[in-house]
Amino acid sequence: MSTSTVTLFGHWICPFSVRVEFALAQRGIEYTVVDVPPRAVRPKGFVVPEEFIAHSPKLEVPMVKIDGEYLADSIPILEWLEEKFTDSSLLPSDDAAQALVRERVEWLNKYVYRPMIGVYYGTDAALIQESSVAFMKAMETVDQWLQSSQWLAGDTPTLAEAIMAGVYTRLDGLRQLGLTGELPASVQQHLERCSELGGWKKVEWSSEQTSDFVGRFLKYREIQNSTKN
Ligand SMILES: N[C@@H](CCC(=O)N[C@@H](CS)C(=O)NCC(=O)O)C(=O)O
């Protein structure tokens, strides 16, 4: 068992932090969390830790510290955790299978996250609808992947599941913010399978967290729309 000390500087509302916390918990790596709320949700008077300011180049969460070394940016962090901790893994052992995981991680990062963020940052109905359609279109590809396996890239949960955890946590909230359309049955089943994983328990949202998320973005829309008019 590793004796490394791992600290995650992150926040529950950040889907990129969720990726990392899911991976840590799923792999059974011990860690502590230092809450660093992103600017948009930072309470007045919150003191951002000096350590975070000194080591997160873009001042973004997530940032991870392992035995005095720091790294920010979720996908590089997920890879770094794979290098540092070898007792467990979210990457298959053979090269071709690893390449597939990495390809799908990048694909999800682009084609699922972009429209997902478009839904909650959308300020007008047309943009929200467009993002919603793009999100559901991406789900059609995920559906194809899930026709040949229960998991997104191979026979076991991988880093691709960590990426989707950041989406699944907020799905109820996305619906309340205007995401429309049915998830393919395979994706719904995959979500349910993910919610049985050990890592999920650490990242899943309570109904209060969903309401907090939805309330913040409704307010954001209201402010944006009132300054527009
Ligand atoms: N590419 C980065 C994106 C991280 C990111 O955008 N984090 C947001 C919160 S979700 C952040 O910390 N933004 C700075 C801020 O709002 O203070 C990653 O994958 O980790």
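This is a predicted model: local features need pLDDT of at least 70, side-chain atom pairs count only at pLDDT 80 or more; totals for chains, interfaces and linings use all residues.
Q: Hi! Which residues are around the ligand?
A: Happy to list them: Cys-14, Phe-16, Arg-19, Pro-38, Arg-39, Arg-42, Leu-59, Glu-60, Val-61, Pro-62, Asp-73 and Ser-74.

Q: And how does that shell split by class?
A: The shell around the ligand has six nonpolar residues, five charged ones and one polar one.

Q: What does Ser-74 do with the ligand, in terms of distance?
A: An N or O atom in the side chain of Ser-74 is 2.7 Å from an oxygen atom of the ligand.

Q: How much of the ligand does the protein bury?
A: The protein buries 76% of the 510 Å² that the ligand exposes when taken alone.

Q: What about Asp-73 and Arg-39?
A: For Asp-73, an N or O atom of the side chain is 2.9 Å from a nitrogen atom of the ligand. With Arg-39 the backbone is involved: one of its polar backbone atoms is 2.9 Å from an oxygen atom of the ligand.

Q: Which pocket is the ligand's space?
A: The ligand takes up the space of the largest pocket.

Q: Switching to aromatics: how many pairs are there?
A: The count comes to 13 aromatic pairs. One of them is formed by Phe-16 and Tyr-113; this pair is tilted, with 5.6 Å centre to centre and 40° between the planes.

Q: Where in the chain do those two sit?
A: In distant parts: Phe-16 is in helix H1 (residues 15-26) and Tyr-113 in helix H5 (residues 113-121), 97 residues apart. Phe-16 is also one of the residues around the ligand.

Q: Back to Pro-62, cis or trans peptide bond with Val-61?
A: Cis, with omega at about 5°. Pro-62 is found in the loop between helix H2 (50-55) and strand E3 (63-66).

Q: Last one: what is the phi of Asp-67?
A: Asp-67 has a positive phi of about 45°, although this residue is not a glycine. Asp-67 lies in the loop between E3 and strand E4 (69-72).

Notes: Residues are numbered from 1 along each chain as its sequence is written. Side-chain values use heavy atoms; hydrogens and water are left out. A residue is near a molecule or strand if one of its heavy atoms lies within 4 Å of it. A polar contact is a pair of N or O atoms within 3.5 Å; within protein, one must be able to donate a hydrogen and the other to accept it, and residues adjacent in sequence count only if both atoms are side-chain atoms. Accessible areas come from the Shrake-Rupley method with a 1.4 Å probe; for residues, only the protein chains shown count as cover. On a 1 Å grid over the protein atoms alone, a cavity is a set of points where a 1.4 Å probe fits but cannot get out, and a pocket is an open set with protein on both sides within 12 Å along at least five of seven lines; lining residues have an atom within 4 Å of a point. A molecule sits in a cavity or pocket if more than half of its atoms lie within 2 Å of its grid points. Ala, Val, Leu, Ile, Met, Phe, Trp, Tyr, Cys and Pro count as nonpolar, Asp, Glu, Lys and Arg as charged, and the others, Gly among them, as polar. Rings of Phe, Tyr and Trp (its six-membered ring) pair if their centres lie within 6.5 Å; planes under 30 degrees apart count as stacked, over 60 as edge-to-face and the rest as tilted. Helices (H or I, at least four residues) and strands (E, at least two) are DSSP runs, numbered from the N terminus.
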